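Open your viewer and keep the selection panel handy. We will walk through a few stops together, one selection at a time.

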Amino acid sequence: MYKFESSEAEKAFFDSIENGDIQHIKGSIERIDGIIIPLDDSNLINDVRYDSQSTSDANIFNFGEMYVGSAEVDVILPVENINLIKGGKLELYFRTESFLKWIPLGVWDIVSAEYKTNKITIKGYDCLNRLNTAITDNVIGAIFMKSVLKQVTKDSGVEFAQTIEELQTLVGESVDIIGGTWGMHFLPTCWDEVKTIAQFLGCFVFANREGKIEFRKFNSTPVADISAEKRFSAKINDYQYSVKGISYTDDFGQTITYAGSNGSC
């Protein structure tokens, strides 16, 4: 989640969202030759289409899961840019009508660029996709978790949002992940290493708004379980939200609504 510089700024932003303010998008494309192409209202058309899903099952949300994000945008650019865009980087930002600070929306590696009827459709995946890379170190001996994070960064080019000390706070003092031995050899791929760490920490993994890998866990006990077939598209890592009521429509079209006694549940 994006971190605001003050509680006042955070409140102003969420008030703006609650009020239904118009959202503005801008961004940039970094071509493989290093040239930066700005994106704004003049060349960025249609809605930005982005999502984040579990790689093992799109219908589940669970600890130890890896959530790879994708983005797709339509831009108006000269067609000769296509071969230079593939392999580049897409960054997007947004703000609302009354909250003028530009907030990162995400960073994606561009994997395709196709020309369609006077526009180029660009698709990208976030940095978790880079983890499908082999570990190059085949050392056998005591390996610490901080060494794993360093090796993953070296081989895949990803950055981690948290230091090893910050990850230690996720498991408390009962387990030493800073000085304790993680294993005697590296796993085959960067993906295997990050997924195993997530399972060990009891976290899920995603690419945050700055394009860095972040581990996160729930700190409280859920008050209700929602079965997979009734889950839709709550962007858990994007917004803070509360549920004021639950409405259910049965096969006969009858709708029943439950509301919390204090306005939330």
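Predicted model: local features only at pLDDT ≥ 70, side-chain atom pairs only at ≥ 80, totals over all residues.

Residues are numbered from 1 along each chain as its sequence is written, and side-chain values use heavy atoms, with hydrogens and water left out.

**Stop 1: aromatic rings**

The whole structure holds 4 aromatic pairs; rings of Phe, Tyr and Trp (its six-membered ring) pair if their centres lie within 6.5 Å, with planes under 30 degrees apart counted as stacked, over 60 as edge-to-face and the rest as tilted. Select Phe160 and Phe215: their ring centres are 6.2 Å apart and their planes at 10 degrees, so this pair is stacked. Phe160 sits in the loop between helix H3 (145-156) and helix H4 (164-171), and Phe215 in strand E11 (residues 213-216), so the pair ties together parts 55 residues apart in sequence. Helices (H or I, at least four residues) and strands (E, at least two) are DSSP runs, numbered from the N terminus. Both Phe160 and Phe215 are buried, where buried means under 20% relative accessible area, exposed over 50% and partly exposed in between (1.4 Å probe, protein chains only).

Next, select Trp182 and Phe200. Their ring centres are 5.2 Å apart with planes at 80 degrees, so the pair is edge-to-face. Trp182 belongs to strand E9 (residues 181-185) and Phe200 to helix H5 (residues 190-201), 18 residues apart. Trp182 is partly exposed at 22%, and Phe200 is partly exposed at 40%.

Then show Tyr67, Phe204 and Phe206, which ring pairs link into a cluster.

**Stop 2: the nonpolar cores**

Select Leu128, Leu131, Val152, Ile213 and Phe215, the residues with the most contacts inside the largest nonpolar core, which has 28 residues. Such a core is a set of buried Ala, Val, Leu, Ile, Met, Phe, Trp, Tyr and Cys residues joined through side-chain atoms within 4.5 Å. H5 gives the most to this core, with 6 residues. Apart from it lies another core of 25 residues, including Ala9, Leu39, Val75 and Ile110.

**Stop 3: around Leu131**

Which residues touch Leu131, leaving aside its neighbours within four places in sequence? Among them are Met66, Val152, Trp191 and Ile213, contact meaning heavy atoms within 4.5 Å.
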